[in-house]
Amino acid sequence: MPRRTNDPDGMRRRIVDAAFEAFAREGYNATPMHAVRDLAGVSSGAFAHHFPTKHGLGMAVIRERVAEAIGRTWIEPLVRAADARSGIRSVFDTTIAEIDDSGSVSGCPLGNLAAELSTQGEGFRAEIHRIFRQWGDAIADKLAADGCPEEDRAGMASFVVSSFSGAMLQAKACQSSDPLRSSAAQVERIMRGPEAERNRSARQ
């Protein structure tokens with residue numbers, strides 16, 4: 001039975017949480033609105049009041065849950081890290097451990113929705129691009145703090161984002177963390193090269 005509530009903000013959060021869960025598991029296009037409504041445990045009227053259209057619900061999931069997931073998984077650990085290389089490696093290692101513990105891979109929520117929705121309207125594409133840009137900017141900022149030359153920061157940040165996103169896609173396909181392990185090792189190897197050169201230059 002739908003749960004009665006006098007907390008409209010809480011009800012809205014419950015709907016967005018349910019949609020995020022359903023879209024991650026089944027995909028946006030394959031998830032009917034009534035399935036989200038039932039998962040959230042709200043009435044049809046309350047559901048329609050908050051989200052009269054599926055597009056609006058999809059935008060809310062991207063802006064609120066997917067952006068938050070990238071911030072929690074990537075940006076916050078990177079900001080706290082001593083340097084870019086150790087911060088990036090820690091995110092890979094944490095993701096690998098979570099996959100190994102759960103025994104399944106649902107994929108990166110941003111990558112999943114990017115593959116599905118980037119050609120389904122400018123609104124979706126722009127929001128997804130904005131999150132990718134914030135992710136890359138956070139990596140570039142950390143590289144800048146490490147002394148990485150300005151001309152190399154954007155390219156290296158894009159390489160890291162692409163490596164992680166592609167590895168997650170492969171991990172989803174094979175239901176294994178192995179692609180992430182391989183990508184993490186290659187990212188670290190590549191990042192050690194310029195880092196070692198900067199250290200040598202600083203000692204001279």
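Which helices each supply at least two residues of the lining of the second largest pocket? Helix 6 (109–117) and helix 8 do so, and the sections below place that pocket within the chain.

## Basis of the model

This is a predicted model, in which local features need pLDDT of at least 70 and side-chain atom pairs count only at pLDDT 80 or more, while totals for chains, interfaces and linings use all residues. Residues are numbered from 1 along each chain as its sequence is written, and side-chain values use heavy atoms, with hydrogens and water left out.

## Overall fold

The protein chain has 9 helices and 0 strands, where helices (H or I, at least four residues) and strands (E, at least two) are DSSP runs numbered from the N terminus. Along the principal axes, the C-alpha atoms occupy a box of roughly 70 × 30 × 30 Å.

Of the 204 residues in the chain, 42% are buried, a term that means under 20% relative accessible area with a 1.4 Å probe, protein chains only. Among contacts (heavy atoms within 4.5 Å) with a separation of 6 or more, 69% join residues 24 or more positions apart.

## The largest pocket

The largest pocket holds about 580 Å³ of space. A pocket here is an open set of points, on a 1 Å grid over the protein atoms alone, where a 1.4 Å probe fits, with protein on both sides within 12 Å along at least five of seven lines; lining residues have an atom within 4 Å of a point. Its lining comprises 23 residues, of which Arg 72, Thr 73, Glu 98, Gly 107 and Pro 109 are the closest to its centre.

Helix 1 (8–26), helix 4 (54–80), helix 5 (84–102) and helix 8 (150–174) each give two or more residues to this lining, and helix 5 provides the largest share, 7 residues. By class, the lining has 13 nonpolar, 8 polar and 2 charged residues, with Gly counted as polar.

## The second largest pocket

About 160 Å³ of space lies in the second largest pocket, whose lining includes Gly 107, Cys 108, Phe 132, Met 168 and Lys 172. Helix 8 gives the most to this lining, with 5 residues, and the lining divides into 5 nonpolar, 5 polar and 1 charged.

## Cysteines

The structure holds 0 disulfides, a disulfide being a pair of cysteine sulfur atoms within 2.5 Å. The sulfur of Cys 108 is too far for a bond, because the closest cysteine sulfur, in Cys 174, is 16 Å away. Cys 108 counts as buried at 6% relative accessibility, and Cys 148 counts as buried at 6% as well.

Technical notes: Points joined across faces, edges and corners; volume = space filled by probe spheres on them. Buried < 20%, exposed > 50% of the residue type's maximum accessible area, 1.4 Å probe, protein only.
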